[in-house]
Amino acid sequence: MDISAIMQEIYTARWTLWGGLLTTLEISAIAISAGTLAGVMIGIGLAYGPLVLRLVLRGYVDLVRGIPSLVLIFFCFYGTALLGLNLSAFAAGVFALGLFCAAHIGELTRGAVQSIPQAQTDAAKSIGLGFWRRLVYAILPQALRRVLPGWVNIAAEIVKGSTLLSLIGVVELLLATQQAIARTFLILEFYLALIVVFFIINFAISRAGALLERRMAYVRF
Amino acid sequence: MHYNFNWPVVWRNFDRLWDGLLLGLAIAVVALAIGCLIGILLAMCRESRLRVLRIPATIFVEVMRNTPLLLLVFFFYFGLPELGFTAFNNVETFAATLALYAGAYLTEIFRGGLAAIPVAYVEAGKAIGLTAPQRLRYVILPVLFRIVLPSLSSALISLFKDTALAAAIGVQELTFGARWVNLNTYQILETWTVTAAMYLVASYIIAFGLRQVERRYAMVR
Amino acid sequence: MPDTPLLSARNVHKRFGAVEVLNGIDLDIMRGQVVALIGASGSGKTTFLRCVNMLEEYHDGEIVLDGERIGYTTTPAGRRRLPERAIVAQRGRIGIVFQGYNLFPHLTAEQNVTLGLVKVLGKSKAEARDIAAGWLERVGLADRRSHYPYQLSGGQQQRVAIARAVAAEPKLILFDEVTSALDPELVSEVLEVMRSLAESGMTMLVVSHEMLFVNAVATHVVFMEQGRIAEQGTPDALFRNPESERLRSFLGRFHQVFR
């Protein structure tokens, strides 16, 4: 492997690769934030909701967690044409990843909320807080701290999952790299470089998570 | 929007889906089996006092866990021929890749399992005069498997879902078949509903079956 | 109206499945009284306490606080539970201190006290902080107001819990075996605070095993047994001259306390 030749090729392809990286980050950011928001609400619904809501949410969560994420992505990609929506591959893919994220975080949040002792709910009731205030000021601050480690894992899974969108034509980092490979035939070199890049991204996520955890753990829960 | 439901068309192609399901299951089982071997070995390496064993094992596991599976699949599928290994077809390459991926994932599970073996058992083994290899074979490994059985069960289901990625390199497993049926019959809803149902039912059956095995063998500490 | 009871319970019944836990409780608490509920575990005293602020549902009878029926109302169709919003408002007028302190672990001592003041009573943050500071001083923890619960001893946490319950100026404060979970040397600091509250005229309903404290501070003692009130009266009357056999044998366990 000629290092300088590789660097030269990477430099030539830099815009494609950079665009791919941005797309990957974009996909991940949108899917993770929307999925987290939805997931927390789903978790609350699963923990506190009326029976009908709980059944519907449970069906959704078990369905999405029981099928491969790729199937979800294909279904959203081919299926949105049905509804007359002209969703781009990007939108369909991000939507699928968002659904995936929401289901996992929903399950995580439900577990965390239910692990808060009933006594805390009693105390919050006793000072006169209604349901939503109890949730926001007493229960969720504690529950969300417990969700943190799982959340970091799911975030890393979404970042890795973004590569699946290459299969529906979204030019994220993997597809961008493959385009560069198609021109240069430096297969091993580019793929290896990609492995390093993804490793760095995920490593950064888990380090950030560990840091957050340590700062939270200062106040023992 | 009008959509003509046409289930018979999908049923006519059902064997494509069914064969794909079986292939996926087979790959998952093989990957799990090989992955267990790799996992136990690497777990012991990571617990070893010898840095020459510990460090490569740790690097391997960390890299595998932070790399998207799809990237790994492409890396090996397109990369191996570069290094001269042209003998493997896509199914074999995928199974091998998945086995390595599983091995890295399972290493953590086995490490936890090794740590959970009560010291008392090992000491009893020493006390009745077993040598280290004998202790490994008659005390440590059997106990280890009973402890990790629940985790192995969810690992198998997880691997089964990961086999969907084999579609990306043309392996004709369930997702590949579904995509074919989708593109050739345009019956999007039926295709993906049936596919999702097949994944769910298969996962449920695996979980159920393994739960029976667990009931017989697992250790509740 | 100084003559009407502050809290009045009439024929209160509660079941857990097929088991009758409260079998017709009739009780009046006047303003300024300190009423102690004593009895063996399982007698229903904690259950009754928790019914007063609707942490538990009760199936029959009524509980009236200062003229207002707690938890339920009677419609032409029968007995109906009040809407959650009304019950939440009722809870705001009653304070409770739990055996397990139940402080919010993610808030400092001061924040534990101000949370209710700001979110329920609508006070400004500055005002709430002043009130909290006053009460924390009163329970002897002024210098600990920025501490988190895990940094406080059990006795200190319980005193913060008392401050939290009292700060909202409730009409009535409930105490649920508040010293039972404490190490012996920490018990007295909590009882001291309770005594001081009683002396300042707070109306209190106390479930307790601390017979010396009950004897010294309570104005009225109620002995419960199997979901009923078996005997009640002044501490003097009950402890010196227990009438029922059950009360006698219950007190017999505390024979070192009473000569």
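About 170 Å³ of space lies in the largest cavity of this predicted model. Its lining is made of 19 residues, and those closest to the centre are S126(A), I127(A), R164(C), A165(C) and A168(C).

**The largest cavity**
- Searching the whole structure turns up 1 cavity of 30 Å³ or more.
- From chain A, helix 6 (118-126) supplies at least two lining residues.
- From chain C, helix 2 (84-92), strand 8 (94-97), helix 3 (109-119) and helix 5 (154-167) each supply at least two as well.
- Helix 3 of chain C gives the most to this lining, with 4 residues.
- Sorted by class, the cavity lining has 12 nonpolar, 5 polar and 2 charged residues.

**The second largest pocket**
- This pocket holds about 410 Å³ of space.
- Among its 13 lining residues, M44(B), L114(B), V122(B), L136(B) and I140(B) are the closest to the centre.
- Four elements of chain B each bring at least two residues to the lining: helix 2 (14-47), helix 5 (90-116), helix 6 (119-127) and helix 7 (132-162).
- Helix 7 of chain B provides the largest share, 5 residues.
- The pocket lining counts 10 nonpolar and 3 charged residues, with no polar ones.

**How the chains meet**
- There are 2 pairs of chains in contact, and chains A and B share the most contacts.
- Chain B and chain C are not joined by any contact, and their closest C-alpha atoms lie 29 Å apart.

Terms used
Residues are numbered from 1 along each chain as its sequence is written. Chains are lettered from A and ligands numbered from 1 in the order in which they are written. This is a predicted model: local features need pLDDT of at least 70, side-chain atom pairs count only at pLDDT 80 or more; totals for chains, interfaces and linings use all residues. Side-chain values use heavy atoms; hydrogens and water are left out. Contact means heavy atoms within 4.5 Å. On a 1 Å grid over the protein atoms alone, a cavity is a set of points where a 1.4 Å probe fits but cannot get out, and a pocket is an open set with protein on both sides within 12 Å along at least five of seven lines; lining residues have an atom within 4 Å of a point. Grid points are joined across faces, edges and corners, and a volume is the space filled by probe spheres set on the points. Ala, Val, Leu, Ile, Met, Phe, Trp, Tyr, Cys and Pro count as nonpolar, Asp, Glu, Lys and Arg as charged, and the others, Gly among them, as polar.
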